[in-house]
Amino acid sequence: MSLLGGVKDLDQRYEVLLGNQQGQYKHSKEFNFSEDLAAEVTALALLDADGDGDLDIYLGNGGIEFSKFSSELADQLYLNNGDGIFSPSPNVLPTASSYFNTSVVSTGDFDQDGDTDLFVGERSITAAYGVPVNGHLLRNDGTGIFADQTAILAPGLNEIGMITDANFNDIDTDGDLDLVVIGEFMGIEIFLNDQGSFTKKASELQQEKGWWSALKIADVNQDGFPDLIVFLI
């Protein structure tokens with residue numbers, strides 16, 4: 001079974017499409033967000049959060065119509081039972097205790113312990129557009145319990161800007177996952193990974209400030225090094 005990400009229709013319903021080996025997809029009747037219609041999903045990631053071999057779903061929520069005290073901004077994790085049936089995780093996410101507008105969720109095993117960790121980025125503060133906000137490194141213990149380790153591992157993500165996208169990749173080709181972050185009014189920020197801790201790299205790309213909206217990383221010229229493809233609004 002393969003899994004296609006969330007699909008949203010005009011009635012604010014979200015669905016999952018399940019795929020087969022023939023590349024055909026059908027709607028999963030076992031999964032809907034009917035209980036979460038008040039939330040506005042602004043980011044989505046598929047990952048094996050609990051290490052049981054199937055894909056779970058992380059939903060990032062946002063929306064400037066909500067106050068910073070609104071529980072509708074709390075991100076959510078849905079666990080897959082292996083048959084495409086999803087249920088809310090019993091574990092509280094770090095982003096459920098401090099509400100914010102999530103803009104991006106990126107996955108990667110940044111501490112190289114064999115499970116999938118997360119980067120979660122903020123876009124803006126309700127009623128305070130333009131104020132720089134934060135990125136968050138969420139370390140997975142392997143069972144789907146995440147801890148916010150930003151203050152320890154990447155303090156440079158604090159008030160970094162209005163984040164629109166981010167990706168993990170081995171930028172310096174040393175065998176671990178680094179992090180690239182972009183956003184509105186931001187330069188292109190690269191954080192190099194050193195045994196699980198991230199340090200902001202001084203680079204001319206930091207001066208390339210703009211309304212960056214999307215980021216892709218690929219070896220475009222096939223020279224063995226990752227290249228950055230960055231899109232403007």
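Strands here are DSSP runs of E, at least two residues long, and are numbered from the N terminus. I keep in mind that the model is predicted.

**Entry 1, Tyr 129.** I looked up where Tyr 129 sits and found it in the loop between β9 and β10, the latter spanning 135–140. Is Tyr 129 buried or exposed? I read a relative accessible area of 53% for Tyr 129. Exposed means over 50%, so I noted Tyr 129 as exposed. I then checked its surroundings on the surface. Tyr 129 belongs to a nonpolar patch with Phe 185, Trp 211, Leu 232 and Ile 233. Together these residues have about 590 Å² of accessible area.

Which residues does Pro 94 contact, leaving aside neighbours within four places in sequence? I listed Leu 138, Phe 146, Ala 147 and Asp 148. I also looked up the C-alpha atoms of Pro 94 and Ile 145, which are 9.2 Å apart. Along the chain, these two are separated by 51 residues.

I placed Asp 115 in the loop between β8 and β9 (117–122). Asp 115 is buried but has no salt bridge. The nearest side chain of opposite charge is that of Arg 139, 7.3 Å away. I then searched for polar atoms. A polar atom of the Asp 115 side chain lies 3.1 Å from the backbone nitrogen of Gly 142. Not counting residues up to four places away in sequence, Asp 115 touches Gly 142, Asp 141, Asn 140 and Asp 109.

Key
Residues numbered from 1 in each chain as written. Predicted model: local features only at pLDDT ≥ 70, side-chain atom pairs only at ≥ 80, totals over all residues. Heavy atoms only, no water. Contact = heavy atoms within 4.5 Å. Helix = DSSP H or I, 4+ residues; strand = E, 2+ residues; numbered from the N terminus. Buried < 20%, exposed > 50% of the residue type's maximum accessible area, 1.4 Å probe, protein only. Lys, Arg positive; Asp, Glu negative; His and termini not counted. Salt bridge = Lys/Arg side-chain N within 4 Å of Asp/Glu carboxyl O. Polar contact = N/O pair within 3.5 Å; in protein donor to acceptor, adjacent residues only side chain to side chain. Patch = residues over 30% accessible without salt bridge, like charges linked within 9 Å, V, L, I, M, F, W, Y side chains within 5 Å. Areas by Shrake-Rupley, 256 points an atom, 1.4 Å probe, with all protein chains shown as cover.
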